[in-house]
Amino acid sequence: MADAGPHDTPASYTTWRPPSESPTPTTATTRSDALLRPSGSKSLSGISLRAFLLGATLGLCLSIAVALILIQPAPHYLWRLPFFVFSLSLFHFLEYYITAAYNTRYADISAFLLSSNGWAYNVAHSSAFLECLLAYLFYPHESYFDFTAPVNGVKIQVVIGIVLMALGQVVRSLAMAQAGSNFNHTVQVERREGHTLVTHGVYAVLRHPSYFGFFWWGIGTQLMLGNVVSLLGYAVVLWKFFSHRIDREERFLIAFFGDEYVDYKSKSTVGIPGIP
């Protein structure tokens with residue numbers, strides 16, 4: 001009879017240990033298991049549930065938007081509401097997906113950015129949706145503003161809005177992927193081990209491409225919706241937020257990388273008007 005190999009030892013040959021000598025899980029393993037439980041920050045059930053709901057909302061809203069565009073009797077601007085929700089669902093899904101793919105260590109529930117942006121973020125998107133809905137309900141005829149005359153029935157600001165949404169989403173997603181483990185959703189006040197200055201890809205042109213992406217994505221959503229009040233609100237609030245955040249973040253980056261970052265800063269741009 002041949003001897004059993006190292007990976008197929010018969011059960012009868014295994015070493016017996018009394019209960020007191022049975023191996024116990026390490027502290028690291030216990031902590032990891034706790035993170036994966038339903039109440040943990042990396043809860044598999046929590047992540048899968050959020051991904052499912054975002055995917056279902058994304059698919060449903062896109063289908064409704066396309067259906068409304070194809071139905072002739074329907075107002076030609078009603079599709080904008082479900083399209084807005086579709087774009088929001090796509091944004092939040094990609095925030096987690098790209099983090100999980102390129103920065104796995106930080107792929108937890110908060111990476112969806114569904115609740116970590118604060119109440120002001122939720123109020124802004126709710127107000128934008130409400131403004132568009134109220135305009136449709138009370139002024140269902142050409143209720144959305146146009147800064148240019150329609151060309152062949154197409155509202156130019158809607159086209160510009162969708163282009164900015166696509167550009168902003170693509171640039172932000174590329175920035176997260178190309179930065180990899182160097183990307184973080186929060187400003188880092190201490191330099192982590194392995195933290196390097198990323199200057200390739202979109203970073204060769206834009207110093208903060210993720211901020212550039214979200215700024216123009218946000219402006220684009222309001223142009224697409226045709227919101228006047230929310231467009232002004234988004235522009236002011238986003239500009240103030242990123243202006244302050246970039247100023248604070250760059251002070252830390254100069255402390256981390258010194259002249260290397262100063263030289264990089266002189267060769268790149270932010271891409272947001274009024275922020276040098």
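**Entry: starting in a loop.** I began with His-195, which sits in the loop between α5 and α6; helices here are DSSP runs of H or I with at least four residues, strands are runs of E with at least two, and both are numbered from the N terminus. His-195 has a relative accessible area of 9% and is buried, where buried means under 20%, exposed over 50% and partly exposed in between, using a 1.4 Å probe and protein chains only. I then listed what His-195 touches, leaving aside neighbours within four places in sequence: Asn-182, Phe-256 and Phe-257, with contact meaning heavy atoms within 4.5 Å. I also checked Phe-183, 12 residues away along the chain, and found its C-alpha atom 9.2 Å from that of His-195.

**Entry: ground rules.** I noted that this is a predicted model, in which local features need pLDDT of at least 70 and side-chain atom pairs count only at pLDDT 80 or more, while totals for chains, interfaces and linings use all residues. Residues are numbered from 1 along each chain as its sequence is written, and side-chain values use heavy atoms, with hydrogens and water left out.

**Entry: the other histidine I looked up.** His-208 is in the loop between α5 (156-179) and α6 (209-225). Is His-208 buried or exposed? I found 5% relative accessibility, so His-208 counts as buried. Beyond four places in sequence, the contacts of His-208 are Ile-246, Glu-249, Glu-250, Leu-253, Tyr-261 and Val-270.

**Entry: overall make-up.** I counted 8 helices and 0 strands in the protein chain. Of its 276 residues, 39% count as buried. Among contacts with a separation of 6 or more, 73% join residues 24 or more positions apart.

**Entry: the UniProt record.** I opened the unreviewed UniProt entry, which lists "transmembrane region" for residues 51-71, 77-98, 119-139, 154-175 and 223-242. UniProt positions are given in the numbering used here, feature names are shortened, and annotations may be inferred rather than shown by experiment. I compared two of these spans with the model. Residues 51-71 are 95% helix and 0% strand, with the end C-alpha atoms 30 Å apart. Residues 223-242 are 85% helix and 0% strand, and there the end C-alpha atoms lie 20 Å apart.

**Entry: α3 against α5.** How do these two helices pack? Helix α3 (residues 80-102) and α5 have axes 9 Å apart and an angle of about 10 degrees; axes are lines fitted to C-alpha atoms, for helices over the stretch in contact, and angles run from 0 to 180 degrees between N-to-C directions. α3 and α5 are therefore roughly parallel; the classes are roughly parallel under 35 degrees, roughly antiparallel over 145, roughly perpendicular from 65 to 115, and oblique for the rest. On the α3 side I noted Phe-83, Phe-91 and Glu-95 among the contact residues, and on the α5 side Ile-162, Met-165 and Arg-172 are among them. By class, the contact of α3 with α5 has 10 nonpolar, 5 polar and 3 charged residues. Here Ala, Val, Leu, Ile, Met, Phe, Trp, Tyr, Cys and Pro count as nonpolar, Asp, Glu, Lys and Arg as charged, and the others, Gly among them, as polar.

**Entry: α7 against α8.** α7 and helix α8 (residues 259-266) pack at about 130 degrees, their axes 6 Å apart. That makes α7 oblique to α8. From α7, the contact uses Glu-250, Leu-253, Ile-254 and Phe-257, and from α8, Asp-259, Glu-260, Tyr-261, Val-262 and Lys-265. The residues of this contact divide into 5 nonpolar, no polar and 4 charged.

**Entry: Ser-230.** Ser-230 lies in helix α7 (residues 229-257) and is buried, at a relative accessible area of 7%. Not counting residues up to four places away, Ser-230 touches Ser-127, Ala-128, Glu-131 and Gln-222.

Entry: Ala-120 is in helix α4 and is partly exposed, with a relative accessible area of 44%. The C-alpha atom of Ala-120 is 9.8 Å from that of Val-237, 117 residues apart along the chain. Leu-113, in the loop between α3 and α4 (119-138), has a positive phi near 60 degrees, and is a residue other than glycine. At 7% relative accessibility, Leu-113 counts as buried.

**Entry: cysteines.** I searched the whole structure for disulfides and found 0, a disulfide being a pair of cysteine sulfur atoms within 2.5 Å. Cys-61 is buried at 11% relative accessibility, and Cys-132 is buried at 1%.
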